[in-house]
Each structure stands twice: as C-alpha cells, then as structure tokens.
Amino acid sequence: MSILTEISDLLQKGRAKQVKELVEQALSDGIAPKDILNDGMISAMMTVGQKFKNNEVYVPEVLIAARAMTAGLEVLRPALTQAGVKPVGKAVICTVKGDLHDIGKNLVKMMFEGVGIECVDLGVDVDGEQIVAAVKESGAQIVCLSALLTTTMMSQKDIIEALKAAGIRESVKVMVGGAPVTQSFADEIGADAYTQDAASAAEVALQLLAS
C-alpha cells in the first residue's frame, strides 16, 4: 500500500495522530506537498462526503475525519506555502443574524477545507455589514449562509441585499442552506445555489469556482 493510500484510509477512519505522522513521513520521503494534499487528503474527504450523502456514515464520523484532515494540514500547510500551492478559492462562511446554530456551518467549512477551499469563518449571528466587510477584506469568491430557524431565513435575503447595496453582489456567488431552507426559497431571495448537505455544498462550490 502506498503511503498516500495509507494517509487516505487513516484520514477516513479519523486517526488524526497517525495521519499527522504519515504526512511528516511523506514529506521527508520527498513526496510533493500538492500530491499529499490531493491524493492523500482531499480524495479521502471526498470519499467521506460521498458516504455521508449516501447515509453510510453520519455527522460524528465526518467530524472525526475532518479533525484528522486538520491535523494533517497543520503539518502540510507550511510545505504547501513554500511550494507555492494556492487554495482553489476562498469562501466567507457564517450562520446568519439571530441564529446561534453552528454544527451545519462547521460541517460545510470542514468539507470546503477538505476540497481545498480556504474559509473565512465569521461564526454565528452574522449580519450583512460583517459579510460585506469580510468579502472586501478577503477577496472571497463565495459567501455561504446557514440558517437553522424559519425565523432567521430572511436574514439570508438581508445579506444578499447588503451585498447589492455595497456594489459587490456581482463579484461573489452566494450559497444558502440550513434545515428550513429550500431550493424555491433560494430562488426567491436571489441566491446562486442551495444544497441540502455539506458534501453537496463542497461539490457545488467547486463548480461555482470553476465557472
């Protein structure tokens, strides 16, 4: 078994300590940081994401795998920077004003990072002004808005309006999600994409970045 396959297998099982050790070993073996990232780690998170979509694994397994991914990235990040490997894109992500739920947002963030998208995580209870400032400062191409309550869904619309008012709506793709959110609601408020789960969100984000 190649070391990259081993990293992938252990990452899927959430073995953070072993992933970290193997990433260190792969680097000292002279394997390119980009190959470790793509073939060892991103491919593993894609597999976890697919299994999550198919109900073969659940939130705890995804969180454990993501923790192993984070551990591996700690070791890999300096080598990636040195090798000039850039993230595939950048996203500003948050739970909207009035809403304090963060598990969904955290899952999406982990899946995004798992496919090479850098995340600016603004946390929970975030308004349009904060989003506009973060987009301007970070140059993010995607804005991800989570709402878990029917009472906070309209905050997603408010943020889209704030982006328009700031004259930057055209420069970002807005993705929305959360338990009460639907495709028709996303269409109604003028979002670019809606997804039901974190794994789909990462796939859609990659498509939006490619377009």
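Student: Let's start with strand S3 (residues 142-146): how many bridges join S3 to S4, and do they run parallel or antiparallel?
Tutor: There are 5 bridges between S3 and S4, and the two strands run parallel. Keep in mind that this is a predicted model.

Student: Which residue in S4 stands opposite Cys-144?
Tutor: That would be Met-175, which faces Cys-144 from S4.

Student: And how does the chain cross from S3 to S4?
Tutor: The path goes through helix H7 (residues 153-165), and this β-α-β crossover is right-handed.

Student: Is S4 itself enclosed or open?
Tutor: Strand S4 (residues 173-177) is largely enclosed by the rest of the structure, because 4 of its 5 residues are buried.

Student: What about S4 and strand S5, which way do they pair?
Tutor: S5 (residues 193-194) pairs with S4 in the parallel sense, over 2 bridges. In S5, Ala-193 stands opposite Met-175, the S4 residue that also stands opposite Cys-144.

Student: Which helix does the chain go through from S4 to S5?
Tutor: It passes through H8, in a β-α-β crossover that is right-handed.

Student: While we're at H8, where is Gln-183 found?
Tutor: Gln-183 is in helix H8, which covers residues 183-189.

Student: What separates Gln-183 from Gly-128 in C-alpha terms?
Tutor: Their C-alpha atoms are 21 Å apart, and along the chain the two sit 55 residues from each other.

Student: New topic, helix H2. How many residues, and what does H2 reach from first C-alpha to last?
Tutor: H2 (residues 16-28) has 13 residues and reaches 19 Å, close to the 18 Å expected at 1.5 Å a residue.

Student: Which residues of H2 are buried?
Tutor: Val-19, Leu-22, Val-23 and Ala-26. They lie on the same side of H2, because they cover an arc of only 105° around the axis.

Student: Why would residues a few places apart end up pointing the same way?
Tutor: An α-helix has 3.6 residues a turn, so residues three or four places apart point the same way.

Student: Okay, what covers the buried residues of H2?
Tutor: The cover includes H1, H3 and H4. Over on the other side of H2, Lys-17 and Ser-28 are exposed.

Student: What happens just after H2?
Tutor: Gly-30 takes a positive phi there, about 85°.

Student: Which residues other than glycine have a positive phi?
Tutor: Asn-55 is one of them, with a phi of about 60°. Asn-55 sits in the loop between helix H3 (33-53) and helix H4 (59-82). Asp-125 is another, with phi near 60°.

Student: Where does Asp-125 lie?
Tutor: In the loop between strand S2 (117-121) and helix H6 (128-138). Asp-125 counts as partly exposed because its relative accessibility is 30%.

Student: Last one, Ser-8. Buried or exposed?
Tutor: Ser-8 is in helix H1 (residues 3-13), and at 9% relative accessibility Ser-8 counts as buried, since the cut-off for buried is under 20%.

Student: What does Ser-8 touch?
Tutor: Leaving aside residues up to four places away in sequence, Ser-8 touches Asp-39, Gly-40, Ser-43 and Ala-44.

Notes:
Residues are numbered from 1 along each chain as its sequence is written. This is a predicted model: local features need pLDDT of at least 70, side-chain atom pairs count only at pLDDT 80 or more; totals for chains, interfaces and linings use all residues. Side-chain values use heavy atoms; hydrogens and water are left out. Buried means under 20% relative accessible area, exposed over 50%, partly exposed in between (1.4 Å probe, protein chains only). Contact means heavy atoms within 4.5 Å. The expected span of a helix is 1.5 Å times one less than its number of residues. The arc is that of the directions from the helix axis to the C-beta atoms. Two strands pair if DSSP finds at least two bridges between them. A crossover is right-handed if, with the strands pointing away from the viewer, the path from the first strand over the helix to the second runs clockwise.
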